[in-house]
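I opened my notebook to record what I looked up in this structure, one topic at a time. I have kept the entries in the order in which I made them.

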Amino acid sequence: MNKSGRDLKQLIFYFLALFTILSTAGCLLQQYFTYSDLSLSENKYLYNQVSTTEEPPPTINESQSPPEPKNSNTTSGHSSKLSNNLTEPLQPTPKIRPRIAIIIDDMGFQKQIGHKLLDLPLNLTFSFLPYAPYTQKLEIIAYEKGRDILLHLPMEPHDKNWNPGPSALYLTTSRIKLTKTIDDYLELVPHAIGANNHMGSRFTENRRAMRNVLHILQQRGMFFIDSFTTAKTVGMSEAITMGIPTARRNVFLDNVHTRKNICHQLEELIALAKKDGTAIGIGHPNPATLSALTQCGKQLLNEVELVSAHELIGKPIVTARHMAP
Ligand SMILES: [Zn+2]
């Protein structure tokens, strides 16, 4: 081979060697940048994981997953966990708000305030006294507005100076008379789906008497809410024994008729619901209660869910008339 032939061969050799070196370097650089990008996406993902709790993580294509490091058990475990998380979008945990029911007792005597309470955009429950002069008119309005209606059962108190009203239930009332009286009440409050006691500190302490009344309510598909006018009441415990949907009053809202006091009682009611999950307050148709519910009630009730009585105790709506024998 002459000199020019050898030169050409050397030139080709150098060219191939240079090409091989450049190709190898190119591959290495490509691998380096690819790995860097994936590391970056992992870091971005981890950043999202720790900084964002309200949005689900972004969906990442499997082919973009970073390679598993070979010799690190801890990192490997982390990576495996990460991989699982990638395929399972995080769901926001539903927040369960405390629930309260507010019953307005003694409905039927106060025409104007009764109307105003019924007009409030609040899911109040209304308990009507059967023989009050405006009961029937207001009861229809409450029904048309879709509010829960209770029969406010007038019952014997301990103090003889307190008059529970005409045709009230006494310990001396016979079983037959109890049935007749309650059915008469329901003629006057026909859309009642449950009942609570008006006064009744003496009556509700008597197990036999309460069992009789609860049995009559049970036959008519009604639930019972114990107004808890005495600490010795057996109303709720008997209802539980008999399998009747029941609950008790926790807070009287308006024993003192000032807006400030009633707002404070509403705060108490809400604090109790936050502690126990549910709570029941009882108020009455008077100007201070109306004012408190209008002024501070709406704001306070942002913290809880105001539900009707039947929703609170989980009872489907059945009116007494549906169940009457
Ligand atoms: Zn009452």
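**Entry 1**

I then looked up the confidence, given as pLDDT (the predictor's confidence in each residue, from 0 to 100). The mean pLDDT of the protein chain is 79, and 69% of its residues reach 70 or more. Over residues 24-86 pLDDT stays under 50, and the model has 22 contacts beyond four places in sequence for that stretch, where a contact means that the C-beta atoms of two residues, placed from the backbone, lie within 7 Å. Residues 321-325 also stay under 50, with eight contacts beyond four places in sequence. I reminded myself that where pLDDT is low, the predicted coordinates should not be read in detail.

**Entry 1: the chain as a whole**

I found eleven helices and nine strands in the protein chain, taken as DSSP runs (helices H or I of at least four residues, strands E of at least two) and numbered from the N terminus. Of its 325 residues, 35% count as buried, a word that needs 20 or more other C-beta atoms within 10 Å of the residue's own, whereas 12 or fewer make a residue exposed and numbers in between make it partly exposed, with C-beta atoms placed from the backbone. Among contacts between residues at least 6 apart in sequence, 72% join residues at least 24 apart.

How do α6 and α7 pack, and at what angle? Helix α6 (residues 207-219) and helix α7 (residues 235-242) pack at about 55°, with their axes 10 Å apart, the axes being lines fitted to C-alpha atoms over the stretch in contact and the angles running from 0 to 180 degrees between N-to-C directions. That angle makes α6 oblique to α7, because angles under 35 degrees count as roughly parallel, over 145 as roughly antiparallel, 65 to 115 as roughly perpendicular and the rest as oblique. Their crossing is right-handed, which is the word used if the near helix is turned clockwise from the far one by less than a right angle, anticlockwise being left-handed. On the α6 side I listed Arg207, Met210, Arg211, Leu214 and Gln218, which meet Gly235, Glu238, Ala239 and Met242 in α7. These residues divide into four nonpolar, two polar and three charged, where Ala, Val, Leu, Ile, Met, Phe, Trp, Tyr, Cys and Pro count as nonpolar, Asp, Glu, Lys and Arg as charged, and the others, Gly among them, as polar.

Next I took helix α8 (residues 259-276) and helix α9 (residues 287-300), which pack at about 45° with their axes 9 Å apart. That makes α8 oblique to α9, and their crossing is right-handed. Residues of α8 including Ile262, Cys263 and Leu266 meet residues of α9, among them Ala292, Gln295 and Cys296. The contact of α8 with α9 divides into eight nonpolar, four polar and two charged residues.

The axes of α5 and α6 come within 10 Å and cross at roughly 45°, and the two helices are therefore oblique to each other. Arg175, Leu178, Thr179 and Ile182 of α5 make the contact with Asn212, Val213 and Ile216 of α6.

**Entry 2: single residues**

Is Phe126 buried or exposed? Phe126 lies in strand β2 (residues 125-128) and is buried, with 31 other C-beta atoms within 10 Å. Beyond residues up to four places away in sequence, Phe126 touches Ile104, Met107, Ala142, Arg147 and Ile149.

Cys296, in helix α9, counts as partly exposed with 17 C-beta neighbours inside 10 Å. Leaving aside neighbours within four places in sequence, Cys296 is in contact with Cys263 and Leu266.

Lastly I looked up Phe228, in the loop between β5 (223-226) and α7, whose phi is near 55°, a positive value in a residue other than glycine. Phe228 is buried, with 21 other C-beta atoms within 10 Å.

Note on methods:
Residues numbered from 1 in each chain as written. Predicted model: local features only at pLDDT ≥ 70, side-chain atom pairs only at ≥ 80, totals over all residues.
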